[in-house]
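This report describes selected sheets, helix pairs and local features of one protein model.

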Amino acid sequence: MLTSQELREYERSSYEFRPRRVDIKLRNHDVHLILEVPDYGVVPRQVSTLPSSQVLQIHTEFKKKLQPDLAQDEAFYNRCAAEVNVINLFFPDIEVEAIRICFTAWLVFVIAMDDILETLPPLDGEAALLDSIQIVLSLPELKRDEPAMDTRIQGLTRVLYCQCTQWLSQETAKSFFEAACKVFRAHINEVKFLQGQIPNDLSTYTRIRERTIALNPFFEIIKSEFLHEDNRLDPIWDELETEVCRAAGLQNDLIGLERDLENGEPLNAVIVLMASNSSPVEEEGEELFARYIKQVTTVHNQSTARAMELVAQIHQGIGATQAKEVAQVARHIIMMCETHLKWCTTAKRYRMRTSKPSAESSLVHTNGIFYGLPSYPDSPDYQNLTAIVTGATGVSGYHMVKALAASPRWSKILCLSVRPPPENFFADLGEGARRVEHLAVDLLLEPTEIANRLQDKIQKVDSIFYHSYMHPLPKGDAKDFWGNADEVSKVNVSLFNNFIEALQKTNLKPKRFILQTGTKQYAFYLGPAAIPAFESDPRVTLDENFYYTQEDALSAYCQAVGAKWNVTRPSYIIGAVQDGLLNHLIGIGIYAAVQAHMNQPISYPGDYSAWDREQVQSTGLLNAYFGEWLALTDGTGNEAFNIHDGLSFTWGRLWPYLSQWYNVSWNPPELDEAKYRVMRMPGNTPRGYGPQATLKSTFSLLEWSHQPEVEKAWKEIAEENGLVLDPFDDHYRSRIFSFADSALIGDAPMVTSMRKARQFGFFGTVDSYHSMFNTLHELARLKLIAPPTVSKFEP
């Protein structure tokens, strides 16, 4: 099948919806659509579980019959895949192949029928719709004095009828086609509405729009397939469907409003309201236009609020019979408020322009499991941008590259790293890969050599994202992981200074230079620090800390060249890359997989203080979104910011999740104090007062990794899954497991404050546990660890 269109599947992030307000700015008017929807956090699925390719194959054959005049070229097949993707988005929880096939057939039928109706005279359109009703109800053909001149819609209807009767039971097909008839009759009423044969007001229009949005046939299939007859006859379902269909119809109208105004389309709720009040927008101005829009958004929001109330009533009234199915059907129906809006706002014909971001105000959106992400304008100032990303093959640098490559605003992204990029580097960037170029360069080279290589590859740079980092091999014990501070400091200061000096030997002058350091800024690794840590906290001079040296050098460089700088300070980073083995999740994932393979529980190595201590995690992609936001947002320059996922994290919460993901039992910390090894951290605390931290452990992952049975189990796992990483190699062992131990063991809380980022206008957030789940799957895809046995995250 000739298609370049990727099949996408979706999943919910939550069992229950939460009310969410979506703010969308119109492109040509200074007006915002404020829409309230029940939000389940529907996101792209990481692991495929649905038969989308089979559905696509069957749908493609159906569309060939439905529209035989269409050229069967790549565009045709891409369109078929896009139609399957729409159904995947609309109904992420429905996995029954036959249902998805019929849903996709109905979707493409409705689109084709609408296109034809727009070309027909009213009487011919009405005749075609009446004939279609006869066809799907298996009634005799209507007799007319003159035969119909245009029978295209009748032909479409016959093809649809054959397809759906083939895949649906007789009872379900009957319910489906009865609902389809209501759509046909609504289109007839639409013609009467335009001709003034019925009242021409907003109330009448919305009653028609509830049907012409054509969602009821979907819902009738769902009810017929999943509910007993006595449950589906409850009138509350009709009321719920009405509210959801009204909301979806108004979403179409509101988001397509400017297009409809340009095309002179009268069938739009806002335009109907204006016409009924005899107030064309060009005569009355923006203020009245905004008031009409607000009236329609109010109707939308009243419908979604009522739909949420009805679902609550359904849940309260659920009895023992079919309790699970009733709850599922209610979710399938009300989720359309969210998924339909996602489709409207991402379809090309509805693409919105957002307002210019600033430290004072910004619009936000959702992308997958990430919420509250910033939006950017389409203005020339935000186009044709260039960037340099250093450390581009590492866990932070590569996610920075992914964030930039995902947006066409970045026309060139030059990636620097010592090692050549792994095989997946460009493939995983998708379409954005064509704007990415890699330069293998060692920043420990002489600055002149670095400068020459840069000058050959890039002529201008708007933003620099510095993520280079080297950590000489640790000694092996968790408590000593940061023990070689002098050596770590020396090599990383050299990396940074060489790069800055190289820039000064070129004509490259960035507008913004963003340096990522981390929470080592607050010296949590030396004991208790002030909690939560603020960016303004004084530097800790108990140990050599190259972050301070780098920050001072950055400030001096930017002052010299007239650039602005930022420093970002993430915590332990969640992410997956081929070359990034300084990653606490690799050690933890290996531990869980091996214990499961040996049928032994995952035990926690620390004590209850470590188990319960509050921490924060920093997902690499969210850090990258934040870095891009800093580079593009006025008023954030010359500031340092903490960045993390936006919620607290404990190992005590993760361990049951880890047990579920790898289908293995788990043990909490040891109760017998006599079994712990105890070490009190030396010296003074970073905060300058109070008792020092205590490290208590019954074992370490590094020690565990030396057990012969562990190495044997890993070899079996690696062979079974085709893994490419040998974590027990002397070059990797201490790096992987000591880093994991440094995260797991210790009783001092490690929390930084996000208040500064929030005050400046960044509201991005992600569930750290969900992010870890996705990252473990991604590490498995890269053949670094064994995959979890669970494919879907359950909160």
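Leu515 stands opposite Val567 in β12. The two strands concerned in this part of the predicted model are β11, residues 512–516, and β12, residues 564–570, which pair in the parallel sense over 5 bridges. Helix α19, formed by residues 447–457, packs on the sheet and touches β7, β8 and β9. The direction of α19 makes about 160 degrees with that of β9.

The pair β11 and β12 belongs to an open sheet of 7 strands, arranged in the order β9-β8-β7-β10-β11-β12-β16 with parallel pairing. At the edges stand β9 (436–440) and β16 (639–643); each has a single partner strand, so one side of each is left without a neighbour in the sheet. From one strand to the next, the twist averages 20 degrees. Helix α17, residues 395–405, lies across β7 (385–390), β8 (410–417), β9, β10 (463–466) and β11. The direction of α17 runs at about 165 degrees to β7.

Phi of Ala523 is near 60 degrees, which is a positive value in a residue other than glycine.

**Antiparallel strands**

A second open sheet has 3 strands in the order β5-β6-β20, and its pairing is antiparallel. Its edges are β5 (364–367) and β20 (765–766), each with a single partner strand, so one side of each is left without a neighbour in the sheet. Between β5 and β6, the latter made of residues 370–374, there are 3 bridges in the antiparallel sense. Within this pair, Asn367 stands opposite Phe370 in β6. Helix α24, residues 620–632, packs on the sheet and touches β5, β6 and β20. The direction of α24 makes about 15 degrees with that of β6.

Another antiparallel pair is formed by β2 (residues 18–25) and β3 (residues 32–39), with 8 bridges. A hairpin of 6 residues joins β2 to β3, and Arg20 stands opposite Val37 in β3.

**Packed helices**

Two packed helices are described by the angle between their axes and the distance between the axes.

| Helix pair | Angle between axes | Distance between axes |
|---|---|---|
| α3 (residues 97–117) and α5 (residues 152–167) | roughly 175 degrees | within 10 Å |
| α4 (residues 122–136) and α6 (residues 170–194) | about 170 degrees | 9 Å |
| α6 (residues 170–194) and α7 (residues 202–212) | roughly 145 degrees | within 8 Å |

How are α3 and α5 oriented to each other? Their axes cross at roughly 175 degrees, and α3 and α5 are therefore roughly antiparallel to each other. Among the residues in contact, Ile101, Trp106, Phe109 and Met113 are on the α3 side, and Leu156, Leu160 and Trp167 are on the α5 side. By class, this contact of α3 with α5 has 15 nonpolar, 2 polar and 2 charged residues.

With an angle of about 170 degrees, α4 and α6 are therefore also roughly antiparallel to each other. The crossing in which α4 passes α6 is left-handed. Residues of α4 including Leu129, Leu130 and Ile133 meet residues of α6 including Phe177, Phe184 and Ile188. The contact of α4 with α6 has, by class, 10 nonpolar, 2 polar and 2 charged residues.

Helix α6 also passes α7 in a left-handed crossing. Here Val183, His187 and Phe193 are among the α6 residues in contact, while Tyr205, Ile208 and Arg211 are among those of α7. This contact of α6 with α7 has 5 nonpolar, 4 polar and 3 charged residues by class.

**Lys64**

Lys64 lies in helix α1, residues 52–66. A polar contact of 3.1 Å joins its side chain to that of Glu61. Leaving out residues up to four places away in sequence, Lys64 touches Gln72, Phe76 and Tyr77. Lys64 and Ser138 are 74 residues apart in sequence, and their C-alpha atoms are 24 Å apart in space.

Technical notes:
Residues are numbered from 1 along each chain as its sequence is written. This is a predicted model: local features need pLDDT of at least 70, side-chain atom pairs count only at pLDDT 80 or more; totals for chains, interfaces and linings use all residues. Side-chain values use heavy atoms; hydrogens and water are left out. Axes are lines fitted to C-alpha atoms, for helices over the stretch in contact, and angles run from 0 to 180 degrees between N-to-C directions. Helices (H or I, at least four residues) and strands (E, at least two) are DSSP runs, numbered from the N terminus. A crossing is left-handed if the near helix is turned anticlockwise from the far one by less than a right angle, and right-handed if clockwise. Contact means heavy atoms within 4.5 Å. Ala, Val, Leu, Ile, Met, Phe, Trp, Tyr, Cys and Pro count as nonpolar, Asp, Glu, Lys and Arg as charged, and the others, Gly among them, as polar. A polar contact is a pair of N or O atoms within 3.5 Å; within protein, one must be able to donate a hydrogen and the other to accept it, and residues adjacent in sequence count only if both atoms are side-chain atoms. Angles under 35 degrees count as roughly parallel, over 145 as roughly antiparallel, 65 to 115 as roughly perpendicular and the rest as oblique. Two strands pair if DSSP finds at least two bridges between them.
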